[in-house]
Each structure stands twice: as C-alpha cells, then as structure tokens.
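Reader: I am new to reading structures. Can you take me through this one, term by term?

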Amino acid sequence: YSSSTSISATIADFAETVGFPIFAGVQSGALRNFSPPDGGGPVIPFAEHVLKHPVVSKHIKPDFILQIGTPLLSTEIPGIISNSIRNVPNSHHVLLHNHHPSERADPDYTVTHRVSSTDPGTFLIAVLEELKTMGLLDENGQNGIISSELCPLMLLGKSLQEKMPNIIHKASENVVQRIGSTQSSSTVTTPSLQLTEPQVVLAMTEVMSVLQT
C-alpha cells in the first residue's frame, strides 16, 4: 500500500500496541518516515541496513510475520521471511492485501494465511478489538502479555539513525576525493562537483560494509 498518514498512524499504533517492530519496505515512504508526537514508535530506522548485519541476519528467526501489501520491495526482508518459514517450526506468514486472482502476490511461496482487504486500517483495528475480547489487551488497549523478541532491533536502528549523518558526510567526502583525483588528470575542469544519488548510495554501501566488520 502507498501508505497515507492516517494508515501509517493506524499501522504504527497497532504494532506498538501488540509489541511488534515494523520493517517498512522502500515503497512505504509515509510509514518509514512516520514518527508519533512522543518521538518513539515501532518503525525500525534503516531496517535494510540493520538486517544486512551478519549477526542479525544469521540469528533473526521470527515465527510470526504480518506483511501488509505486496509486492515487497526489499533486498533483505524476503530472505528473512523465506528462511523463517522454512526453518522455524510452526511459523506463520500472513499477507494482508487486496488480492487479485491474476497477480503474483507470493513469489517465494511463503504465505501461510491470506487476508483480502482494501482497508488494512479497519482490519487492524478489528484485530485489536478481538485481542481485548480474548483478554490479551485490557479495556484501555494496554498490552502486558504480547511482545516480540525482535524489539531490541529498534534500539539498533535508532543507534544507526544517529550515526547516519556522519556516515553520509564521510561517504560524500570519499566520492568527491575520488572524482576530484580523476578530473585532476584530465584537461577538462569542472567548476564544482555535485554528487548524484547513485554515487552517495554506492559510497554509503562501502562505508556500511566497513562498519559491519
């Protein structure tokens, strides 16, 4: 789903209530950038980079995955899902999506339960009400029972978020130096150097690989 602010708020509220972290795909811009008034929230910043860390990717084994919308545009999340469904006993992958018969919504064949809905927010609110009926949430929606062992990854993501400006700055300097040294050997001079987005992403990837070692 191309998340609107209201849907993003509903998804974030649901995740925070049940104690689940959110790994937002690249197409979920509003959700990735969503931040509640208190500055907290369940969205893991830079989740793709967090999942790239070998310690995280090796040991992360969720037994319940709720995917909202498809296709899932991610380099890391599909692999985590596939590994969990195939190797974690009694694991479940629920896809909440407005299903169409002709679409390829589950390319890796990991989905165990499908929920077809054009309004994910209404469905999630209904789930919270059902959890209250089951006694897993109190009447005020407070949760003292349900939680996820993946929650510490939010702290790791927030730590990376604090360091990211310096990472980008360092990456930019490295790219400028390399472009400058290349141009210095040429007869053509450029008044100023402007980084393109692919150059920044490439340099950030190089810096991140160093940080992970």
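**Sheet, rings and charges**

Author: In strand 2, V94 is the bridge partner of L66. Before your questions, a word on the source. This is a predicted model, where local features need pLDDT of at least 70, side-chain atom pairs count only at pLDDT 80 or more, and totals for chains, interfaces and linings use all residues. Residues are numbered from 1 along each chain as its sequence is written, and side-chain values use heavy atoms, with hydrogens and water left out.

Reader: What makes strand 1 and strand 2 a pair?

Author: Two strands pair if DSSP finds at least two bridges between them. Strand 1 and strand 2 (residues 92–97) are joined by 5 bridges, so they pair, and they run parallel. Strands here are DSSP runs of E with at least two residues, and helices are runs of H or I with at least four, numbered from the N terminus.

Reader: Why are strand 1 and strand 3 said to stand at the edges?

Author: The open sheet has 3 strands in the order 1-2-3, with parallel pairing. Strand 1 (64–68) and strand 3 (113–116) each have a single partner strand, so one side of each has no neighbour in the sheet.

Reader: Why is the pair of F20 and F64 called tilted?

Author: Rings of Phe, Tyr and Trp (its six-membered ring) pair if their centres lie within 6.5 Å; planes under 30 degrees apart are stacked, over 60 edge-to-face, the rest tilted. F20 and F64 lie 6.0 Å centre to centre, with 45° between the planes, so they pair and count as tilted.

Reader: Why does F20 count as partly exposed?

Author: Buried means under 20% relative accessible area, exposed over 50%, partly exposed in between (1.4 Å probe, protein chains only). F20 has 24%, so it is partly exposed. F64, at 37%, is partly exposed too.

Reader: How do you know that K52 and E76 form a salt bridge?

Author: The rule asks for a side-chain nitrogen of Lys or Arg within 4 Å of a carboxyl oxygen of Asp or Glu. K52 and E76 come to 3.0 Å, N to O, so they qualify. K52 lies in helix 3 (residues 47–52) and E76 in the loop between strand 1 and helix 5 (77–87), so the pair ties together parts 24 residues apart in sequence.

Reader: Is E76 buried or exposed?

Author: Buried, because its relative accessibility is 19%. K52, at 35%, is partly exposed.

Reader: What makes D106 and R114 a salt bridge?

Author: Their closest N and O atoms are 3.9 Å apart, so the pair meets the rule. D106 is buried, with a relative accessible area of 11%.
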